[in-house]
Amino acid sequence: MNIDQMQFAHRFDGISGSAIREIFKLLAVPGMISFAGGNPAASALPDETCAELARELLLDKGKVLLQYGATEGYAPLRESLAPYLKERFSFDCKPEEILPVTGSTQAMDLLCKALIDPGDKVVVENPTFLGNMQAIRLYQALLVPVDSDENGIKVDELEEVFKKEHPKMLYIIPTFQNPTGRTLSLERRKKIAQLASQYGVVVAEDDPYRDLRYAGQELPSIKSFDTEGWVAFMGSFSKVISPGLRVGFLAANSTLLRKCTIGKQSSDVHTANLNQAIVDAYLRRGLLAPHVKEICLSYAQQMNTMLGLLAKCGGVARYTRPKGGLFIFAELNEGMNATELMKKCVEKGVAYVPGTHFYANGGHENTFRLNFSMSTIEQIKEGMEKLNQVFTENC
Ligand SMILES: Cc1ncc(COP(=O)(O)O)c(C=O)c1O
């Protein structure tokens, strides 16, 4: 029998991941201006600081850091995360209620591992981050999309869905959402915490972009309104220090966290000690805030340049105006197809992600997501001019 004909696990049924992978292949073409990814700028990656910290930490605690560690995480990091969560996300939590994870992607995977049986329902924003939709799908959950507007997910529709569909979990990105860049309003944050305990739904709150704020006031997390432990909070240092370090965390009720910790034992035993120690040093030594301040200055300029040019771009019917994060989401005139036009854009040397991939049930073919962090101001100007030419010719 041919190995390619083997029966793969049913959890992979309907999952190919190929559409986006194809786009990322195109980005390797020399000279391509990419508005497609979601990576930090190369200039935002603190290689020298990390090199110095790694050397110092290894010389000081190398025998501990190079040994196996606890699945529960590097103890000093859990201790420095507790006050960080209080200060930045406005909720109290003890070090033992925090699990350092290998990127917040792992937090999502562990929550699904702990909670989801095939056929369970998980509510997602429509549109939402496709990486975590894939994680949810791999546990054979049924995705129930709920629409959002400029204030985030529509809570009246959400309550109806909680009542009728009895979902196990809600997956939500409250701040500078991926792909829309929108932020959930204060009232809706409170309401979601209340609905979660009223209907017994675990909220997976994913907040990796909160620190990348270029305007406006910060809002407390959904978890800060959670009195009964229904909200599981996922954080990440990928966008503010380095995605390559793969350090994130999950803060959750201790019973749920215990299940996730058991699940993590068989995933990777523990998150890399050295990487946890580097992040711990960032928090302990006050290195994070000045670094974030610096990168926000250039991201703000990049975003504002892109927004200004989008306002003049042919064929664009509307677009979001985020106050932070890495993305702008736009809609072309009715009848225009962002997947089809992507081919023409790529021929001209510019790429984006068609928005259809972020919708649980597809459709919305006239939408697309733009990223501004990976391009210089000059590249943004050149890339937006190329988009303008293609869209104007085809609108
Ligand atoms: C909303 C959201 N959650 C999670 C992640 C992944 O984060 P991590 O690198 O911590 O796994 C991303 C990355 O793009 C994201 O946009």
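Trainee: How far is an oxygen atom of the ligand from an N or O atom in the side chain of R246?
Mentor: In this predicted model, that distance is 2.8 Å.

Trainee: OK, and what about the side chain of N178?
Mentor: There, an N or O atom of the N178 side chain is 2.8 Å from a ligand oxygen.

Trainee: What does T105 do on the polar side?
Mentor: T105 has a polar side-chain atom 2.6 Å from an oxygen atom of the ligand. T105 is also among the closest residues to the ligand, together with D206, Y209, S236 and S238.

Trainee: How many residues surround the ligand in total?
Mentor: The count is 14.

Trainee: Switching to pockets. How much space lies in the largest pocket?
Mentor: About 950 Å³. It has 43 lining residues, and I20, F129, L130, G131 and N132 lie nearest its centre.

Trainee: Which helices supply at least two residues of that lining?
Mentor: α1 (18-26), α4 (104-115) and α5 (130-138) each do. The largest share comes from α5, with seven residues.

Trainee: And which domains does the lining of the largest pocket draw on?
Mentor: Domain 1 (8-45 + 290-393) and domain 2 (47-286) each give at least three residues to it.

Trainee: What volume has the second largest pocket?
Mentor: About 360 Å³. It is lined by 18 residues, and Y84, E87, R88, L288 and A289 are the closest to its centre.

Trainee: How do those lining residues divide?
Mentor: For the second largest pocket it's eight nonpolar, two polar and eight charged.

Trainee: Which helix gives the most to that lining?
Mentor: That's α3, with five residues. At least two residues each come from α3 (75-89), α9 (273-284) and α10 (288-310).

Trainee: New topic: what is the strand order in the open sheet of four strands?
Mentor: The order is β10-β11-β14-β13, and the pairing is antiparallel.

Trainee: Why is one side of β10 and of β13 left without a neighbour in the sheet?
Mentor: Because β10 (316-319) and β13 (353-354) stand at the edges, each has a single partner strand, and that leaves one side of each without a neighbour in the sheet.

Trainee: How many bridges join β13 and β14?
Mentor: Two, with β13 and β14 (residues 367-371) pairing in the antiparallel sense.

Trainee: Last one: which residue in β14 does P354 stand opposite?
Mentor: P354 stands opposite F368.

Key. Residues are numbered from 1 along each chain as its sequence is written. This is a predicted model: local features need pLDDT of at least 70, side-chain atom pairs count only at pLDDT 80 or more; totals for chains, interfaces and linings use all residues. Side-chain values use heavy atoms; hydrogens and water are left out. On a 1 Å grid over the protein atoms alone, a cavity is a set of points where a 1.4 Å probe fits but cannot get out, and a pocket is an open set with protein on both sides within 12 Å along at least five of seven lines; lining residues have an atom within 4 Å of a point. Grid points are joined across faces, edges and corners, and a volume is the space filled by probe spheres set on the points. Domain bounds come from an automatic or database domain assignment. Ala, Val, Leu, Ile, Met, Phe, Trp, Tyr, Cys and Pro count as nonpolar, Asp, Glu, Lys and Arg as charged, and the others, Gly among them, as polar. Two strands pair if DSSP finds at least two bridges between them. A residue is near a molecule or strand if one of its heavy atoms lies within 4 Å of it. A polar contact is a pair of N or O atoms within 3.5 Å; within protein, one must be able to donate a hydrogen and the other to accept it, and residues adjacent in sequence count only if both atoms are side-chain atoms.
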